[in-house]
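This briefing goes through one protein chain, from its overall form to single residues. Please keep the sequence and the model open while reading.

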Amino acid sequence: MSKKAKQHKATVPGNGMAVNVLGNTREELNQALKTWKRKLKNASVIETCQSKREFIKPSVINRAKMINAKFIQQIRDQHEKL
């Protein structure tokens, strides 16, 4: 069975975040865990949990975005000069 076929059989209908373990070997369990972790990462569940561990003021978030935007703009300006 191909890798895509295994992933297709491992999905649970009606529940996008669930994964079935197709067999009882360690490799199949590792494949199911890998698939489940990828689904969590794509849904940004892990990032949401990490960001909610402590409260960050909106002004601090906005300031960090502005600093990042200024840095990226400086890099773009340097590339335009070259």
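**Briefing: fold and selected residues**

At 53% relative accessibility, Glu-47 counts as exposed, since the cut-off for that class is over 50%. Glu-47 belongs to helix α3. The model is a predicted one, and the points below go from the whole chain to its parts.

**Overall form**

- The protein contains four helices and two strands.
- Read from the N terminus, the order of the elements is α-β-β-α-α-α.
- The protein is more spread out than a compact globule, because its radius of gyration is 21 Å, well over the 12 Å that the globule rule gives for 82 residues.
- The C-alpha trace spans about 55 × 40 × 25 Å along the principal axes of the protein.

**Burial, contacts and surface**

- Of the 82 residues in the protein, 9% count as buried, where buried means under 20% relative accessible area.
- Taking contacts between residues at least 6 apart in sequence, 18% join residues at least 24 apart.
- The protein exposes about 7600 Å², and carbon and sulfur atoms supply 56% of that area.

**Helix α4**

- Helix α4 covers residues 58-81.
- At 1.5 Å a residue, the 24 residues of helix α4 should span 34 Å, and its end C-alpha atoms are 35 Å apart, which agrees.
- The number of buried residues among the 24 of α4 is zero, so the helix lies largely in the open.

**Gly-14 and the strand loop**

- Gly-14 sits in the loop that joins β1 (11-12) to β2 (15-19).
- The relative accessible area of Gly-14 is 90%, so this glycine is exposed.
- Gly-14 and Gln-31 are 17 residues apart along the chain, and their C-alpha atoms are separated by 21 Å.

**Gln-31 in helix α2**

- Gln-31 is placed in helix α2, which runs over residues 26-42.
- With a relative accessible area of 28%, Gln-31 is partly exposed.
- Between Gln-31 and Ala-10 the C-alpha to C-alpha distance is 9.6 Å, with 21 residues of separation in sequence.

- Ser-44 lies in the loop between α2 and α3, the latter being residues 45-51.
- Most residues other than glycine have a negative phi.
- Ser-44 counts as partly exposed, because its relative accessibility is 30%.

**Glu-47 and Met-17**

- How far apart are the C-alpha atoms of Glu-47 and Met-17? They are separated by 16 Å, and the two residues are 30 apart along the chain.

Methods: Residues are numbered from 1 along each chain as its sequence is written. This is a predicted model: local features need pLDDT of at least 70, side-chain atom pairs count only at pLDDT 80 or more; totals for chains, interfaces and linings use all residues. Side-chain values use heavy atoms; hydrogens and water are left out. The radius of gyration is taken over C-alpha atoms; the globule rule is 2.2 Å times the number of residues to the power 0.38. Buried means under 20% relative accessible area, exposed over 50%, partly exposed in between (1.4 Å probe, protein chains only). Contact means heavy atoms within 4.5 Å. Accessible areas come from the Shrake-Rupley method with a 1.4 Å probe; for residues, only the protein chains shown count as cover. The expected span of a helix is 1.5 Å times one less than its number of residues.
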